[in-house]
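Reader: I would like to learn how to read the features of a protein model in order. Would you guide me through one?

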Amino acid sequence: MDRTKILVVDDESRMRKLVKDFLQKNNYDVMEAGDGSEALDIFFEQNDIALIILDVMMPKMDGWQVCREVRNYSKVPIIMLTAKGDEKDELQGFDLGVDEYISKPFSPKILVARVEAILRRSGKTASGDVMEAGGIHLDKAAHMVTIDGENVDLSYKEFELLTYFMENRGIALSREKILNNVWNYDYFGDARTIDTHVKKLRSKLGPKGDMIKTIWGMGYKFEVE
């Protein structure tokens, strides 16, 4: 299966390499552009770019101009990177149809998590309903989890919980947020239900269960070492 193609646009080669390395580790096909003009050339030459990671401040043509040009022809998801933390910039980005807005410096792991979340929402993941992280293979369509080829027998809620963790890899999740997304908003149970399910899930995942980190006083985070 072809890998999902992402275009990374930044005039700093070190930044492009950092982002590219993390995306490639997560099985994405990455193309690079050093300025806005080059980015548009690549974008219009390729017809299968699934997402653009776009820096704001660049020579020749800045990120806003690139975004405007792309939006004239395409609704491809766009993540804007900027060194500025100005709310006006952020609002301008959303007005132009930007899907996410991330200020530098940022965690590459969080960026990858945002990329995965946007691609899932847009239905452009090459893997479809299949996810893999740290040796855990999860197939949503088949409702199956395997570790090193061995099937892991999970209950329905354990499967949903693991899916939610893997979809939000690297992101700290409060118990309330987990409860609302896995048990739905109409669930009036106790947050301790989550702790019980996490404990069982960790046990069934064996050594891989260590990837579900406890954030004391808040909740959990799924993190691949």
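Predicted model: local features only at pLDDT ≥ 70, side-chain atom pairs only at ≥ 80, totals over all residues.

Reader: Is Lys 60 buried or exposed?

Author: Residues under 20% relative accessible area are called buried and those over 50% exposed. Lys 60 has 73% relative accessibility, and therefore counts as exposed. Its backbone also deserves attention: phi of Lys 60 is positive, about 70 degrees, although the residue is not a glycine.

Reader: How many helices and strands does the chain have?

Author: The chain has 8 helices and 12 strands. It consists of 225 residues, of which 46% count as buried. Its accessible surface is about 11900 Å², and carbon and sulfur atoms account for 47% of that surface.

Reader: What share of the contacts joins residues at least 24 apart?

Author: Among contacts between residues at least 6 apart in sequence, the share joining residues at least 24 apart is 58%.

Reader: How many salt bridges does the structure hold?

Author: The general idea is that side chains of opposite charge can pair when their charged atoms come close. In this structure there are 15 salt bridges. One of them joins the side chains of Glu 100 and Arg 114, with an N to O distance of 3.5 Å. This pair links distant parts of the chain, since Glu 100 is in strand 5 and Arg 114 in helix 5, 14 residues apart.

Reader: Which residue forms a salt bridge with Lys 109?

Author: Glu 223 does, and the closest N and O atoms of the two are 3.8 Å apart. This pair also links distant parts of the chain: Glu 223 lies in the segment after strand 12 (219-222) and Lys 109 in helix 5, 114 residues apart. Lys 109 has 38% relative accessibility and therefore counts as partly exposed.

Reader: Which residues are linked in a network of salt bridges?

Author: The network links Asp 10, Glu 12, Asp 55 and Lys 104.

Reader: What is the distance between the closest N and O atoms in the salt bridge of Asp 195 with Arg 175?

Author: The distance is 2.9 Å. Asp 195 is in helix 8 and Arg 175 in helix 7, 20 residues apart, and the pair links distant parts of the chain. Asp 195 counts as partly exposed because its relative accessibility is 24%, whereas Arg 175, at 19%, counts as buried.

Reader: Which residues is Arg 175 in contact with, leaving aside its neighbours within four places in sequence?

Author: Besides Asp 195, Arg 175 is in contact with Ala 191, Ile 194, Gly 217, Met 218, Gly 219 and Tyr 220. Arg 175 itself belongs to helix 7 (residues 175-182).

Reader: How do helix 6 and helix 8 pack, and at what angle?

Author: Two packed helices are described by the angle between their axes and the distance between the axes. Helix 6 (residues 156-167) and helix 8 pack at about 85 degrees, and their axes are 10 Å apart. The two helices are therefore roughly perpendicular to each other. Helix 6 contributes Lys 157, Glu 158, Leu 161, Leu 162 and Phe 165 to the contact, and helix 8 contributes His 197, Val 198, Lys 200, Leu 201, Lys 204 and Leu 205. By kind, the residues of this contact are 6 nonpolar, 1 polar and 4 charged.

How values were computed. Residues numbered from 1 in each chain as written. Heavy atoms only, no water. Helix = DSSP H or I, 4+ residues; strand = E, 2+ residues; numbered from the N terminus. Buried < 20%, exposed > 50% of the residue type's maximum accessible area, 1.4 Å probe, protein only. Contact = heavy atoms within 4.5 Å. Areas by Shrake-Rupley, 256 points an atom, 1.4 Å probe, with all protein chains shown as cover. Salt bridge = Lys/Arg side-chain N within 4 Å of Asp/Glu carboxyl O. Axes fitted to C-alpha atoms, helices over the stretch in contact; angles between N-to-C directions. Parallel < 35°, antiparallel > 145°, perpendicular 65-115°, else oblique. Nonpolar A, V, L, I, M, F, W, Y, C, P; charged D, E, K, R; others polar.
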